[in-house]
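Please keep the sequence and the coordinates at hand while reading.

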Amino acid sequence: MMILEQLRKDNPLIICITNDVVKNFTANGLLALGASPAMATEKLEMDEFLTHAGALLINIGSIEEGDIENMLAAAKYANQHDVPIVLDPVACGASKFRKDFCLKLLETYDITVIRGNASELQALTGEASMKGTDADTSLSTEDVARAAYKKFNCAIVVTGEIDAICVNGKINLIENGTALLTKVTGGGCLLGAVVASFIYNETKPTLESLTEALTTYTVASEFAERASNGTLPGHFAVNLIDQLYLIQESDVAENRLVKEV
Ligand code: ATP
Ligand code: TZP
Ligand code: MG
Ligand code: MG
């Protein structure tokens with residue numbers, strides 16, 4: 001059974017603690033998909049927000065020291081209310097501050113899914129360093145996903161030209177997508193929020209549910225590239241929002257390129 005239609009009926013509230021660059025793009029992407037985003041961050045109101053939430057996204061793209069308390073409090077209340085958490089460890093290999101925060105969050109609370117590019121996941125598991133937010137494309141997403149699953153024992157999504165999803169040690173590789181997603185800021189950040197939307201109310205997501213999240217997003221990105229002026233980054237970004245609104249479960253079923261390994 002697929003999730004997209006049910007998600008659109010249920011319109012789950014997705015709390016997004018995310019970076020300043022992508023808040024608007026993320027909110028529009030989730031509304032188009034059929035979820036209900038709220039960019040709430042304040043710890044004093046998190047208990048109430050998470051009472052009604054389907055999922056929580058913690059994206060550290062523009063994290064500052066003063067954000068740490070809010071992010072930790074959000075994770076605490078999410079765990080108390082059985083709300084799944086997606087962590088996007090943006091640029092965690094670029095500074096000790098970011099990496100230390102992610103490791104503390106992962107040690108202290110139950111994180112449901114870690115979603116990042118290969119360099120970010122490699123930084124969390126090993127010694128990789130990064131220049132900024134962008135990935136080292138020479139890394140194997142499959143190898144990185146396996147290593148991250150071994151260390152953190154939660155679901156892992158490593159994105160790149162080929163996306164690798166690891167749940168309970170089993171891996172699916174997704175070949176859909178377009179490199180234009182790397183030419184628009186928020187291409188990965190919105191995906192993290194889409195993953196949170198597909199796992200609403202589910203702290204033990206299946207490989208199938210994460211595969212549907214990734215294939216829905218990447219098939220929509222292929223449609224966006226083919227739509228009007230879609231090979232230009234600006235038009236592509238707008239087209240992606242439109243295609244997240246238009247895409248149907250049957251489009252995903254007909255176009256998905258998934259390899260079980
Ligand atoms: P970065 O921080 O390097 O910008 P990101 O966090 O934006 O990374 P990506 O790895 O770019 O995340 O993944 C975002 C989406 O883009 C995923 O759906 C992925 O499948 C897709 N993607 C990334 N690179 C390519 C590529 N070369 N070809 C096809 N799809 C890609
Ligand atoms: N700087 C800090 S967060 C951010 C930038 C440019 C957005 C990164 O977006 P994505 O989706 O990881 O490419
Ligand atoms: Mg990107
Ligand atoms: Mg990113």
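Contact means heavy atoms within 4.5 Å. Among contacts in the protein chain between residues at least 6 apart in sequence, 70% join residues at least 24 apart. This is a predicted model, in which local features need pLDDT of at least 70 and side-chain atom pairs count only at pLDDT 80 or more, while totals for chains, interfaces and linings use all residues. Residues are numbered from 1 along each chain as its sequence is written, chains are lettered from A and ligands numbered from 1 in the order in which they are written, and side-chain values use heavy atoms, with hydrogens and water left out.

The protein chain holds 11 helices and 9 strands; helices (H or I, at least four residues) and strands (E, at least two) are DSSP runs, numbered from the N terminus. Its radius of gyration is 17 Å, close to the 18 Å that the globule rule gives for 261 residues, so the chain is as compact as a globular protein of that length. That radius is taken over C-alpha atoms, and the globule rule is 2.2 Å times the number of residues to the power 0.38. Taken along the principal axes, the C-alpha atoms fill a box of roughly 45 × 40 × 35 Å. The accessible surface comes to about 11500 Å², of which 48% belongs to carbon and sulfur atoms; accessible areas come from the Shrake-Rupley method with a 1.4 Å probe, and for residues only the protein chains shown count as cover. Of the 261 residues, 56% count as buried, where buried means under 20% relative accessible area, exposed over 50%, and partly exposed in between (1.4 Å probe, protein chains only).

Turn now to the annotated positions. An unreviewed UniProt entry lists Arg115 and Thr159 under "binding site". UniProt positions are given in the numbering used here, feature names are shortened, and annotations may be inferred rather than shown by experiment. On a 1 Å grid over the protein atoms alone, a pocket is an open set of points with protein on both sides within 12 Å along at least five of seven lines, a cavity is a set where a 1.4 Å probe fits but cannot get out, and lining residues have an atom within 4 Å of a point.

Arg115 sits in strand E5 (residues 113-117), and Thr159 in strand E6 (residues 155-159). Arg115 counts as buried at 4% relative accessibility, as does Thr159 at 12%. How do their side chains meet, and what is the distance? The side chain of Thr159 makes a polar contact with that of Arg115 at 2.7 Å. A polar contact is a pair of N or O atoms within 3.5 Å; within protein, one must be able to donate a hydrogen and the other to accept it, and residues adjacent in sequence count only if both atoms are side-chain atoms. Leaving aside neighbours within four places in sequence, the contacts of Arg115 include Asp88, Leu121 and Gly188, and those of Thr159 include Asn117, Ala118 and Thr141.

Helix H6 (residues 118-125) has 6 of its 8 residues buried, so it is largely enclosed by the rest of the structure. Those buried residues pack against strand E4 (85-88), helix H5 (96-108), E5, helix H7 (141-152) and E6. At the start of H6, a side-chain oxygen of Asn117 reaches to within 3.1 Å of the backbone nitrogen of Ser119.

The unreviewed UniProt entry also lists Met39 and Gly186 under "binding site". Of these residues, the lining of the largest pocket includes Gly186. Gly186 lies in the loop between strand E8 (170-174) and helix H8 (187-198) and is buried, with a relative accessible area of 7%. Met39 lies in the loop between strand E2 (36-38) and helix H3 (43-51) and is partly exposed, at 26%.

Glu212 counts as buried at 7% relative accessibility, and Ser209 is buried at 9%. Beyond four places in sequence, Glu212 is in contact with Met2, Ile3, Leu4, Phe198 and Glu249, while Ser209 touches Ile3, Phe198 and Ile199.
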